[in-house]
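Reader: I would like to go through the charged pairs and the strand pairing in this entry. Could you take me through them?

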Amino acid sequence: MNLPLNIAMPSEAAAAPTTYKLLIDGKHVEARNGRMLERKSPGHGFTVSHYAQAGEPEVEAAVAAAHKAFETGPWPRMKAGERAAILLKTADLIEGRLDEIARLDALESGKPIAQARGEIGGAVDIWRYAASLARTLSGDSYANLGDAMLGVVLREPIGVVSIITPWNFPFLIVSQKLPFALAAGCTAVVKPSEMTSASTFVLGDILMQAGLPKGVVNILAGLGADVGAPMVSHPLVEMVSFTGSTRVGKMTMAAAANSLKKVSMELGGKNGQIVFPDADLKAAADAAVFGGFFNAGECCNAGSRLIVHEAIADDFLAAVKALTAKVIVGDPLDDRTKVGAMISSEHLEKVAGFVAAAEGDGSRIYSGGKQLASSAGQYLDPTIISGVTEDMAIAREEVFGPVLSVLTFESVEKALHIANNTPYGLSAGVWSASIDTCMSVARGVRSGTVWVNTFMEGYPELPFGGYKQSGLGRELGKRAVEDYTEEKTIQFHRGQRTGWWVG
């Protein structure tokens, strides 16, 4: 039986949807085909935005503009301090429009408004961090090659970068990529998800206001086949930075292989939180609920597997269930909401299908599992599934919804086996008072990030990315700008030639 939700209609519902044009070579332009994309709020049901729907002609124009800006424009030739100043001004302008951008992301993605504000604030911090790295990017010199030789290694911007971002963190994820590419001196063509493009178009306006030269950043709304695919295969694009599903990531990598482009990808995850009996169980229970249901579980980093020691499993699971009952599900624009709407009705059905299949495989819906009825949007009650075994799809496949699967273990070795027994390796968490236990798990888990006695905290200074099918490369961290560069070796010879080849 579905549970009712009362969702208030926001003021935007009575207004005309905002229309966004494409940003190409510093100008707002319509799509040549005249088509538009419509985005309805998944939490409220009304049309929020219209975007001009790009196709291959717009990709050609955008890449040409980015290529021209790289080859002949001022951006790659500016002093690093000048680029940093524009990035810092961009950060200030984002901060000044924080509430506006957060509201756009909440309306288009269904995420809670309080969470969205935190994401935009985090993005501001990332832009400022990228600005600092612009000024510290450097190469190497080698004066140890003999008296006649000096070696110099330069780092140069790689060129035009295609940046493709997903719908679940629209502004935050573009901010994990674009400022570092710009700090290196690259130019870019950006494709946000066709479901959550508005805040990226606002970012385009902010960049122009901050003084970014025309053509350096171009923004296209459109479908993957029409826009994303040609952005990946275009011969003038030197690098692709993609965040999304592992399935699409494999297609992206295959397409980029034709021209041997550099590819950086952050993909799916099936992340486990491992809880030992000596842990702070109150804190661990709260983190289990947070990890499972943050952003309605629509998060590559979600702690979607709770791996708990069998000695405490029953009591701990009861505590997690009690906390889950306190989680407020509802209107994304209500500051009290912790879990908002699912991104689309199709995705809701997919997640509900995982839950039904898990029950059919012999596990138990311990809590939740119900679709919450609303005339305005699509919601799913946070769901806990117990009795899960490693071979079940619910334990191995990325659900991308508010679904927490519970598995048990009796030893460190078994916990590590469960944690690593998936195709993914993005992140993990370990909870124990023993430093030996925490170190053993942190060293043994095959994932790019391991949180110890905390979960899903992030800082611009720390690199982020995955092992196995969770991606290639890393974002953030002190080497993030270097990812958007090529190394060039220059060798200087002094004096008369030595080592003659012919007489």
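This is a predicted model: local features need pLDDT of at least 70, side-chain atom pairs count only at pLDDT 80 or more; totals for chains, interfaces and linings use all residues.

Reader: Which residue forms a salt bridge with glutamate 119?

Author: Lysine 111 does, and the closest N and O atoms are 3.1 Å apart.

Reader: Is lysine 111 buried or exposed?

Author: Lysine 111 is buried, at 2% relative accessibility.

Reader: How many salt bridges does the count come to?

Author: The count comes to 15 salt bridges. One of them joins glutamate 12 to arginine 103, with 2.5 Å between the closest N and O atoms.

Reader: Where do glutamate 12 and arginine 103 lie?

Author: Glutamate 12 is in the loop between β1 (3-4) and β2 (18-20), whereas arginine 103 belongs to helix α3 (residues 98-109). The pair therefore ties together parts that are 91 residues apart in sequence.

Reader: And what is the relative accessibility of glutamate 12?

Author: The value for glutamate 12 is 23%, so this residue counts as partly exposed. Arginine 103 is also partly exposed, with a relative accessible area of 29%.

Reader: Which residues are linked in a network of salt bridges?

Author: Asp92, Glu95 and Arg128 are linked in such a network.

Reader: Turning to the sheet, in what order do the three strands stand?

Author: The order is β7-β8-β26, in an open sheet with antiparallel pairing. β7 (140-142) and β26 (485-493) are at the edges; each has a single partner strand, so one side of each is left without a neighbour in the sheet. On average, neighbouring strands here are turned by 20° against each other, direction ignored.

Reader: How many bridges pair β8 with β26?

Author: Strand β8 (residues 149-157) pairs with β26 over nine bridges, in the antiparallel sense. Glutamate 156 stands opposite glutamate 486 in β26.

Reader: What holds such strands together in general?

Author: Strands of a sheet pair through backbone hydrogen bonds, in either a parallel or an antiparallel arrangement.

Reader: Back to charges: which side chain meets that of arginine 155 in a salt bridge?

Author: The side chain of glutamate 482 does, at 3.5 Å from N to O. This pair links distant parts of the chain, 327 residues apart: arginine 155 is in strand β8, and glutamate 482 is in the loop between β25 (471-472) and β26.

Reader: What are the accessibilities of these two?

Author: Glutamate 482 has 24% relative accessibility and counts as partly exposed. Arginine 155, at 25%, counts as partly exposed.

Note on methods
Residues are numbered from 1 along each chain as its sequence is written. Side-chain values use heavy atoms; hydrogens and water are left out. Two strands pair if DSSP finds at least two bridges between them. Helices (H or I, at least four residues) and strands (E, at least two) are DSSP runs, numbered from the N terminus. Axes are lines fitted to C-alpha atoms, for helices over the stretch in contact, and angles run from 0 to 180 degrees between N-to-C directions. A salt bridge is a side-chain nitrogen of Lys or Arg within 4 Å of a carboxyl oxygen of Asp or Glu. Buried means under 20% relative accessible area, exposed over 50%, partly exposed in between (1.4 Å probe, protein chains only).
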